[in-house]
Structures are given as structure tokens and as C-alpha cells.
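Please look over the structure below before reading on. The briefing that follows takes up confidence, one residue and its surroundings, and a contact between two chains.

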Amino acid sequence: MDSLGSELSKYLLLAWLLPLIGFAVEVLGGYWGNRQDKRAAYLAIACIGAGFLLSSFTFYRWGTETHWQAFAGSVSESGHASVADPSGSDGHEKPDAAHHPHKAAGTETTHGTPGHSETAGAHDDAAHHSPGPSYSGTFYTLATFGSLTLSIDYYIDSLTILMFCMVTLIATCIHIFAVGYMSDELTDEYVDHSAHTSDGHHVHRPGRFHRFFAFLSLFCFSMLGIVLAGNIFQVFVFWELVGISSFLLIGFYTERKSANVAANKAFIVNRVGDFGFIIGLMILWTYCGTFSFGDQDLNGHEQPGLFSMIRGSDGEITTVGDDVILKTVGHNGHWEAPHEGESNRTLPYFLLVIAGLGVFGGCVGKSAQFPLQTWLPDAMEGPTPVSALVHSATMVAAGVYLAARFYPVFTTEVLLTIAYIGCITLFIAATIAVVATDIKRVLAYSTISQLGYMMLAIGLGGWAAGLFHLITHAFFKSLMFLCSGSVIHGCHHEQEMTKMGGLRHKMPITAYTMLIGVIAISGLAIPGSAALIGFPIAFSGFHSKDAIVATALAYTSLNPIHFLLFLTPLVTAGITAFYMFRLWFYTFTGKPRDEHIYSHCHESPAVMCMPLVVLALFAAGCAFGGENGPLYHMIGNSEPLGVASGVEAGGAAGVALPSHHAIHEVHGTAGVVALLAAGLGTIVAFLLYCRPVVDPESIKRQFSGVHGFLVEKWQFDNLYDVAFVRPSHIVGRWCATFDKEVLDGILHSTARTAIWIGTIDRKFDETIVDGLVNVVGNVTRSVGMSLTVFQTGRIRQYVMFIAISVVALFALLFAFMPKA
Amino acid sequence: MDAVSLNYVLAIGAVLFVCGVICMTTKRNGIGILMGVELVLNGANLNFVAFSRYTSLGLDGQVVSLFVIVLAAAEAAVALAIALNFYNNHLTIDVDRGDELHG
Amino acid sequence: MNVEQLLFALFALLTCAGAISVVICQNVVRMAFSLIVCLASVSALFFLLSADFVGATQLMVYVGGTVVLLIFGVMLTSSSTLLQIRTSPAEGFLAAGIGVLFLAVFSFTAWSVDWDANSDRIARVTAVDVPPQGYNEASSGNTVRPLAMAFVGLRPDKGGNAAGYLLPFEIISVHLLVVLIGAAYLARTKRRVSADTQNK
């Protein structure tokens, strides 16, 4: 038990750094191998696979050291499943929770975070949720500037460990899949059919197999860095690293203009969000004076982290007037606001809101939320494994992860904003997905939509539900992307669903693993199974989406004015089921629409199918048990303080957040409603695309206006083009003109004046200055030359001169000296 | 008080001096020029001794004349060495041939 | 005209004759002989001026040393044809003119000074003590002892604090050594430069 935190941190550090080592070796050494061997891929897989094993081992160590208390304790504590007396079960749990973390807290690396176990032990409040311990510490201090310390910290709780396992597992599967998918690149002469040289030929270039895996390793390293990061500055650094990795991978086919544009778009749109992120960062640092999440032990005296400062140990934001009091008094994870008369540090409430909105702005960019969602569909230009990685485990997950991590900093106003942003996003993206025909674009919009669900859940106070969906979504979305990659690979890089059909006969493994993913994301379950055998028979998506819808329903019942926050996700659940099944029916059933593609397509090799099967297993079963299952409890173990009890209506927004108990009460209703919506969507899709009783084309014609609007992605790209891109082009042209005409003119005229002055100066120098010097020199020389007459070299003459001179001097002396 | 007036002695010194100077200006022979120098020095010496005898200068005049004699001897030795070198280089003692330093 | 005046006139004449003879003679050997006569007469004049030690030194160093040295030089450097190197008469006349002018200047200067008054003034300034017994005035001859005392830095003739000549004496002695070595170095036998390269 001795310093479990530092032990875990070492495993995770290793798991985090292995991909970096892989990246370094591949980048530095990749060019020495030939372009046919797969060593780079094996190295990358070994690194990330070892990372997964280490993460799993960390998980095991964490579990055994805490006696799996997160699962056992939370089951009884949260008390959602067995609708037993919550207070009674809490009483049962409490000694356990108080006991174990106490041992952990006695070590140097375990610092209390808000809602630490001692806190739970101290406050004998049954409503208080009791999260598991978190471990924070410093790997390495980069620099100290006055009170600003930049360091590589870690912050480990159950969520961190879970994210590590999830990211490394999915990344490993994707790496293995990519060995098969990218095998085209194992050549010295790769022909890119989508890129053309200026004379109209296809681009021929050497294969970039090792480079792809190098970038993948860098991507994984960056993502794991975000997850492990113990301070917000470190998060920002790896945030940008994720951005640059995605830039490199989306623009992997650099010869294609569309890929370049997409990479630039992803990067620039993310910049917009990061601008807000930086503002939030500055506000927090200015007022809190620390970047660190967890409490820190600085030279013996403890300093509260960001979360402790804002929320304290009771999970409440304490305000005086318009200021938020930062909780800086206390020790050992127990922080309170200073008492009356003591000097206290405050943070204006509106600045806390702005900071929250700013940080959330960064999340909006990364997680492709409205209004910055446009980059993500374009990011499909990258190779499909990249799409799978970007859209499931890494980049977009980073945004949601950060929003969840920063939950204690978000005020209710910010949370409401998050909820509405998520709500808008999920609806817009789902509607666009309905009309998309590119198989990857459908999945891309579905990703945006699901991310909207997660953001919505976090905004509604369903912290654990959002992250629950993040994990399950990561599995089934990566599964579906890899399946689509398999289809694209089998169909020789054909992505249009309109040219597919009936592929399940040709590629059964892909088809049925995809079906698992589709069912999972649609949230289908067998009705009544819960009533019959005690738990619903359903895939992971049902459980997580169910949790979100339940949260939304509870929220709406508390705040009726925000009823859209429940209706929209409910409707969208149906739309989700519709477009996902549409995709599956389109691709795998019916008659082949393009005989040429059908006849040439084939099932993918084993190296690509194996990851599909593994991911399908996880997609189906990872959420086993729903809200009583281990996954949900593990997430709930990290839940910030005060989430479980809900929040009373108050603040400028006047919204209340539902407590766990309230959510649980409506759980049954929400599940039924959501299942109904999903079933409806499925049936409609079945009727339209599998057993066509209605021709989709006629619907398309009848609603051609709406269809066009959706095909044009709600005109967002056009809107941004008109609103931002073109104006900036115009401004750019103005600036260029200004530069050319005015600034260059000034510069040129200055230069011409300087030349003119120089010419005059030169003339002056040459004639007058040089002339004077030359005259002096010439006169001196001529005088000297004339005096050489006397320099005869004859000693007798010199004597004669002396004699004459002496006589002459005497003569002068006598002639002119006054007579005495 | 004295048998001979100081001015006569000075006159003899002046004659010696002038003879030395003329010797230096007219003799083309290097040795002749040296002799002129000796005459000039002797003229000066004579003056020193005369002043020593006739004025209250005292022994200092004689001391200085002794120094002059010694320096003249040294000068003669060096000058003769130079004359020998000159002769070795020019195969003559004619100083008018040694005009390499003319302007 | 007493004996002293007679002797002075005689040696003065010999001196001037020797000097003029040096100027006039064209033969180097004769010039050297005339110089001996001249310098010897000068030493006689020194004796007459009661500078006995200076006169003896003059006789030994000049007549016995320097002139011999000069004659050695004549013999070493002269072949018979080169013994006489004549100057142009114009130069001679010019030099004579200058010489006469020089002589006039000097004579005029000497006769225009009142030496007795001057001597009294100098005496006032230097304030000669009564010399101790056994030491002679510069004007009374037998000057070897006072000169020797002056050279080692003692001036009993002018009182204990008057300046001696120890340091100049030492410097002169070192100077002589340097000059002897330097002269020997300069006059050493060197490789003769071939005649045709020098007479170009």
C-alpha cells in the first residue's frame, strides 16, 4: 500500500512514454529500412500493446490495492440498482470508504482532492457521494518562474486508469488493423489515384508505411499525455500535440489537395477553440496561481489544486457578493474558505464563468461541437485507421475528457451552455448523417452526434453518464470505423454507399461485427428482458444512451423550461438508429448496385478481421450490467463531489441539476422511451432500405429542399465560407495591397532617397574631401621632393650647411637682438 | 694679474675650431675629416681649460676637458672602424663616393 | 714680455700653424704630422695654463694614441694613388670664407664679454671656501690630486657638498669598454665584396 499513487504513476508513465519511444525510433530510424518491411508497424504495435498491458496491470494493481472497493462500494452506495434505502446502504459503505483511502492518504503521493475519502468520513452526510482516492504528483519540474511552476504532473484516479486502458486497447486494435489496411504503402512506387500531377498523371511516390505508424505512435503518446496530465498547462501542451498529430495524419496523403485542405481546416478550426482555452487558462492562473488539478505538496506546505480551490471539500462554490472565494485554508485534502477577517483570495464570478466557457471552447474545438463541428467530416480525408483513432479514442475524446475533468470549475451557467451546445450538435449532426452517402461521412456525423450526447450529459450533471457514453462509444465507433475501413479496403477504396450493397455475402465477418456496432450505437435492447431476468439484454450503447436520456428526463422534470434538452436527444436517438441501420442495410444487404465493385470485393485478411472481432466483443459487452456494472461504477468512482446530490436551482441561469436519486427514479421511463425511439428508427430504416415499401428516392424528391439543406450540412461550410473565409481573404487582399502599394512604396521611396543621398555624398567625398586630402598630400610631397635637393648624401656639404647656418644665426642674432 | 689675457687663449681655440670646420668641409679624405673633428674638439678643450684657469669655474673645466679627451679617443676609435668599413665597401676613402643616402 | 708670455706666443703660433697646415696639406701623412705638432702645442698651452694633468693626458692620449690610431687608419685605407684626393678650388674658397666669418664671430663674441666681472659673478654664486691644506687651486697647478678626488666624488676644493663626478666617471669607463668592443667588432676582417659590384 506504500505510495500506491507513485507506483501506479510509474506504470502509467511507462505506458505513456512507450509510444513516444516508438515514434522517435520510427522517425529517426525509419528511413534506414527499406520500404517493404513492416518492422515499423511491429514496433508501434509492440509499444502501444505493451502500453495496454501496463495499463491493464495498473488497473489490476489499483483494484487489488483498493480491494475493488470502487465496484463493491459504489454498488451499494449509489444504490440505483437495488432500490434499497440509500442511507442504509450508504452506512454500509462508509467504513469501507473511510478505511481504505485513509491508508492511501497517509502516503506522500496521495493528496486529497475535493471529495476525498477523509472528507466523506468527516462529513457524515448520507447525500454526499464518496469518490475514490485520486493520486497526484510531479514527474519532473520543467521550470519555475516566480510563483509559476511548469511541471509534468500526473493525476490518477479511476477515470485516468480507465481511459488508459480504453485508449491503449483501441489503439492497439487500430494499429493491428492498419498493418493490413496500409499494406498498399509497402512499396517503393505507390500510385495515388486520387492525386494528380500538373500534367494529369497519377502521383507516383514512395510508400510511407513507417511514417504512418510513427504518426500513430505520436498520436497515442499525445492522447495519453492529456489523460495522465496533472495540470492544465500540461493538458494544453498535449492538446496541441494531439492537434499536430491529427494534422499530420489527416494530411497523410499530402499530394491530395483535399487532404491538405482538410488538415488545415482541422488545425485552424481547433485554433479557434484553443483561443478560448488559453483565455480560460490565463484567468485561472491569474486568480488561482496554480495550474495543478490536484493538491500539491510544495516544499512541505500544502497548496490546494484548482479543483480544491474552487469547490473546496464540500463541493460547493462559495460566493461573497459577485466574487467566488477561493478555498485555500486547510490541509491534507480538506480545504475551506478562510474565516471572517482572514485574508482571502477571490475570483470574480463572471470571470469564473468566462474561464469555464473558455476551457469549454477548447473542448468544443477538439470534440467538434457546434459551431466548430465542420472540421471533423473533412478529417475523413485521412486513412481510415486514423479516422477510427481520431473519432473514437483520441482526439474527440480528449475534448469530452477535459470537459469532464474540468467539471468542478464549471458553474451552472457554463453547464447550461454545454448542455445546449451538445443538444444542438447532436441534432444537427444526426440530421446530416441521414442524407450522407459516403460511408465514412455517415460515421463522422454520427460521431459528432454522439459527442453531442456526451457533452449534453455533462452539461446536465450526468457526469458519469457522459463518460460512460464516451467509453462505450469509443469501442463501437472504432469498431464501425474499422469495419468501414475493411469495406473500403475490400472495395478498393470505394467509399460511396450508393455503389455498394449485398456485401455481407462477400465479407461476412465485417458485416456482422458492423451489425454489432450498429445495434450498440442505436441503443437497441430486447424489450422486457430487464423485467424477466433482472437486467436488460442489450449492447453497450443502450446502457450509456439510456443513462443520458434518463439524466435529461430528470433534468427536464426539474427545469421544465428546458424541455428541449430532453426531447431533442430522444428524437435524435431514433434518428441515430435510422441512419445507422440505413448505412448497414445500404452496404451489406440488398442487391449489389455496382456489379464491378461487388465482383472485385473480398473479405479482409485476418490481421484486419481480428481487431474487428475484439472490438465487437467490447462494443457488445463493455457496459455489461448497465448502471450496476463495473464500468459505470468505475467511472462513478471518480465523480466530482456534489454531482450525486444534485444542485438546487440558483445562479443567473436558474437551473437545478438532478441528483442521482432523481435520475434513477425516471430511469425506467427513460429506458422505455429511448428504446421506443430507437426501435422506431430501426423499423423505418428497415422499411425504407431493406424491404423497400416506400422508395427513398421519392421521399428525397418530395423533400428536395430539406434534403439539399441537409446535404449541404445545414449550410455551415457555406456560412463559414461567407462569414469568415471570404472576409479574411478580402482582408488579406487588402492587407496585401496595402503592403504592396503603401508600405512597399514608402520603403522603395526611402530606399531611392537613400540612394540619391548616397550619390551626392559620394560626389562630395570624391571631389571635396578627397580633393582636400589629395591637395595636402600633393603639396607635402612636392615640398618634400623639392627639399631632396639638400639631401645630397655628402657629409662635407652637411658640415658646410651647419657652418653657414651657425654664421647666419649669429648674424641674425646680432642684427635683431636688442642691445643691452 | 695674468701673463696672458683670456681672450688670446679663446682666440687660439677659435682658430683651432675654425680650422677643424674647414678641414671637415674641404677634405674628401675620410681620415682628414676625422682630423678636423679632433681639431674642433681640441679647440673646445682649450676653452674649457682656459676658463678653468681664468675664472672661478675651478677644477670643473679641467674635469670636463678630460672627459672630452676620453670621448674623443673613443670617437676616434669608432670613427676609424667606420672608415675601415667604408673603405672595405667602397674601395676608397673618398667620402664623396658614399652618397647612397642622397634624396 | 716675460717668459710665460713668450712661451705662450710660441706655442700659440705653433698651434695655429699646425692647424692651418692640417687644412692646407693635401697629403694625409703630412696632415697627420701637422696634427701631431698642433696637438702637442695645445698640450703645451695646457701646461702653461697650469692644467698639468690635462696637458699630460692630452700628450699621451692624443699625441701618443689617437694620432697613432689615425696614422694606422691612413696606412690601412690608403693606396698610394689615393693619398691625395683633391677638392675643387671653389669649395676651398667657400670654406675659407666661411671660416673667416666664423673666426670673426668668435673673436667678436670673446672680446665683447667682460670676463672679470663675469668671473666675480660666478664666484659669488659658487662661494668657494678656503681650500684645505695640500690642495691647490685650479689656477695654481699640481692638479692631479684634486682631479682624482673630483673623479671619486669628493670636492674638498669647493667644500664638501659640491658635486663630484663619480657617476660620469663610471659611465665614461663603461662607455669606453663598449666603444672598444664596438670598434673591434666594426673593424674586424670581413669577406671583401667584389670590386665590380661596388663600383657600378
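In this predicted model, confidence in chain A is highest in helix H30 (residues 716-787) of chain A, with a mean of 90, and lowest in helix H5 (residues 117-122) of chain A, with a mean of 34. The average pLDDT of chain A is 79, and 86% of the residues score at least 70.

- Over residues 73-129 of chain A, pLDDT stays under 50.
- The model has 124 contacts beyond four places in sequence for residues 73-129 of chain A.
- Where pLDDT is low, the predicted coordinates should not be read in detail.

**A:Gly280 and its surroundings**
- A:Gly280 lies in helix H9 (residues 257-288) of chain A.
- A:Gly280 counts as buried because it has 25 C-beta neighbours inside 10 Å.
- Apart from neighbours within four places in sequence, the contacts of A:Gly280 are A:Ala355, A:Gly356, A:Gly358 and A:Val359.
- A:Ile354 is 74 residues from A:Gly280 along the chain, yet 6.8 Å separates their C-alpha atoms.

**Contact between chain B and chain C**
- Chain B gives 64 residues to the contact and chain C gives 80 residues.
- On the side of chain C that touches chain B, the elements giving two or more residues include helix H1 (3-24), helix H2 (28-48) and helix H3 (52-77) of chain C.
- H3(C) provides the largest share of that side of chain C, 13 residues.
- The residues on the side of chain C that touches chain B comprise 51 nonpolar, 23 polar and six charged.

Technical notes:
Residues numbered from 1 in each chain as written. Chains lettered and ligands numbered in written order. Predicted model: local features only at pLDDT ≥ 70, side-chain atom pairs only at ≥ 80, totals over all residues. Contact = placed C-beta atoms within 7 Å. Helix = DSSP H or I, 4+ residues; strand = E, 2+ residues; numbered from the N terminus. Nonpolar A, V, L, I, M, F, W, Y, C, P; charged D, E, K, R; others polar. pLDDT = per-residue confidence, 0-100. Buried ≥ 20, exposed ≤ 12 C-beta atoms within 10 Å, placed from the backbone.
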